[in-house]
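Me: I'd like to understand how the words used for a structure follow from its numbers. Could we go through some of them together?

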Amino acid sequence: MIPEINYWAVLLATVAAIVIGSVWYTPRVFGDRWKKWGQVADPETSAQAWLPILVSVALAFLLAWVLAGSVAIAWHFYGGGYLGSAIVTGLTLWAGFTAGRFITHDVFAGRPSQLTILNISYELVLVLVMSVIIGVWPPAGTV
């Protein structure tokens, strides 16, 4: 079974990820704290600045695509409302994969707990927004 995916929703979720990341990591929001706690240095060249952004955009698309497929599979399996399936699927995947892995890696690396909370909170907001976009715009013919 290949899950039905609304690629317009995936693209919109990718754009939302760019917007959320751009706001979240600005110096006035959480950027300065993130740099301090993560010991992140400013890039020295424009190439050093753009590479992480391009990687982030590509991986945001991958996240949205995998989330959309997972939502479709969960909705087919459990039934119910598509939006509810999207939110529950997003939260479950965030808790099981993202938050759990961040916490594990950060504990072993000795990173500050504030950094871990900041990063997993960002990922939670990101996944919830993506889930809502995917949930309110299901693939044609599924709902």
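Me: Where does Thr 89 lie, and why is Thr 89 called buried?
Reply: Thr 89 lies in helix H4, a helix being a DSSP run (H or I) of at least four residues, numbered from the N terminus. Buried means under 20% relative accessible area, exposed over 50%, and partly exposed in between (1.4 Å probe, protein chains only). Thr 89 has a relative accessible area of 10%, so Thr 89 is buried. This is a predicted model, where local features need pLDDT of at least 70, side-chain atom pairs count only at pLDDT 80 or more, and totals for chains, interfaces and linings use all residues. Residues are numbered from 1 along each chain as its sequence is written, and side-chain values use heavy atoms, without hydrogens and water.

Me: What makes Val 132 partly exposed?
Reply: Val 132, placed in helix H5, has a relative accessible area of 37%, so Val 132 counts as partly exposed. Leaving out residues up to four places away in sequence, Val 132 touches Leu 83 and Ile 87; contact means heavy atoms within 4.5 Å.

Me: How do you know that H4 is roughly antiparallel to H5?
Reply: The axes of H4 (residues 82-109) and H5 (residues 113-136) cross at roughly 160° and come within 9 Å. Axes are lines fitted to C-alpha atoms, for helices over the stretch in contact, with angles from 0 to 180 degrees between N-to-C directions. Angles under 35 degrees count as roughly parallel, over 145 as roughly antiparallel, 65 to 115 as roughly perpendicular and the rest as oblique. Therefore H4 is roughly antiparallel to H5.

Methods: Helix = DSSP H or I, 4+ residues; strand = E, 2+ residues; numbered from the N terminus.
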